[in-house]
Amino acid sequence: MKDAAAARPSAGLPAPTRREQILREAARLFAERGFHGVGVDEIGAAVGISGPGLYRHFAGKDAMLAELLVGISGRLFTGGRRRVAEAAEAGAPPREVLYALIDGHIDFALDDRALITLHDRELGQLRDSDRKLVRSLQRQYVELWVEVVRELHPRALEVEARAAVHAVFGLLNSTPHLGRPGALPGREAMAALLRRLALGALDALGPSPLLED
């Protein structure tokens, strides 16, 4: 089962590099069969090169896994920070900033389902230093959300806001368990549903005084 991102049109986008192709196929295979169930020869065959040819790009499977998991944690954090900064620069109200964060995470949840599975199953395979880096990036990403949520819901305790954010991540990151892509609503419909669910979970923190007269 390939990622939705791989199947979506790429018109106007640069062709993926060989390194990006390797990572995409490694993520798919690791998610399908488990890290230890996939050999370098299989990854190589998926991108049309010999297994040993992979070593021109990566030191081994461990390096691929680390780049996948550290990479997506870093992209989520930097992407979220960029969205918050752009919204602030445009003078957007807190709820619009929250919309931007939710939509960014929904894109990840729908387009990178293999990476969600990979994180859940294989994080323990990383070296301690890489695993600590993943956790650090994730904590920063969570706190980015918490700050926005508390601005919208200032009456909520910090611990409540953080719990709500983690709950929303669990909700959005459930996409690998929703069935094969063909069994789901269209992408836009699924994104809209996830957006409503995420907002509903966060609004359970209570009415925002920013929305009251």
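User: What is the volume of the second largest pocket?

Analyst: About 410 Å³. The model is predicted, and the figure is computed from its atoms.

User: What makes a residue part of the lining of that pocket, and how many residues line the second largest pocket?

Analyst: A lining residue has an atom within 4 Å of a pocket point. For the second largest pocket, 18 residues line the space. Leu76, His119, Gln138, Phe169 and Asn173 lie nearest its centre.

User: Which elements give two or more residues to that lining?

Analyst: Helix 4 (61-89), helix 5 (94-111), helix 6 (113-122), helix 7 (128-152) and helix 8 (158-172) do. Helix 7 provides the largest share, six residues.

User: How do the lining residues of the second largest pocket divide into nonpolar, polar and charged?

Analyst: Nine are nonpolar, six polar and three charged. Leu and Phe count as nonpolar, so Leu76 and Phe169, two of the residues nearest the centre, fall in the nonpolar class.

User: Why is Thr117 called buried?

Analyst: Buried means under 20% relative accessible area. Thr117 has 15% relative accessibility, so Thr117 counts as buried. Its place is in helix 6.

User: Which residues does Thr117 touch, leaving out those up to four places away in sequence?

Analyst: Ala31 and Pro176. A contact needs heavy atoms within 4.5 Å.

User: Why is Gly48 called exposed?

Analyst: The cut-off for exposed is over 50%. Gly48 has a relative accessible area of 62%, so Gly48 is exposed. Gly48 sits in the loop between helix 3 (40-47) and helix 4. Its C-alpha atom is separated by 9.7 Å from that of Ile22, 26 residues apart along the chain.

User: Where does UniProt place the "DNA-binding region", and what is the chain like there?

Analyst: The unreviewed UniProt entry places that feature at residues 39-58. Such annotations may be inferred rather than shown by experiment. In the model, residues 39-58 are 40% helix and 0% strand. The end C-alpha atoms of this stretch are 13 Å apart.

User: How many helices and strands does the protein have?

Analyst: Nine helices and zero strands. From the N terminus on, the elements run α-α-α-α-α-α-α-α-α.

User: What share of the protein is buried, and what share of its surface belongs to carbon and sulfur atoms?

Analyst: Buried residues make up 44% of the 213 residues. The accessible surface comes to about 11,300 Å², and 54% of that belongs to carbon and sulfur atoms.

User: What share of contacts between residues at least 6 apart in sequence joins residues at least 24 apart?

Analyst: 73% of those contacts do.

Conventions
Residues are numbered from 1 along each chain as its sequence is written. This is a predicted model: local features need pLDDT of at least 70, side-chain atom pairs count only at pLDDT 80 or more; totals for chains, interfaces and linings use all residues. Side-chain values use heavy atoms; hydrogens and water are left out. On a 1 Å grid over the protein atoms alone, a cavity is a set of points where a 1.4 Å probe fits but cannot get out, and a pocket is an open set with protein on both sides within 12 Å along at least five of seven lines; lining residues have an atom within 4 Å of a point. Grid points are joined across faces, edges and corners, and a volume is the space filled by probe spheres set on the points. Helices (H or I, at least four residues) and strands (E, at least two) are DSSP runs, numbered from the N terminus. Buried means under 20% relative accessible area, exposed over 50%, partly exposed in between (1.4 Å probe, protein chains only). Accessible areas come from the Shrake-Rupley method with a 1.4 Å probe; for residues, only the protein chains shown count as cover.
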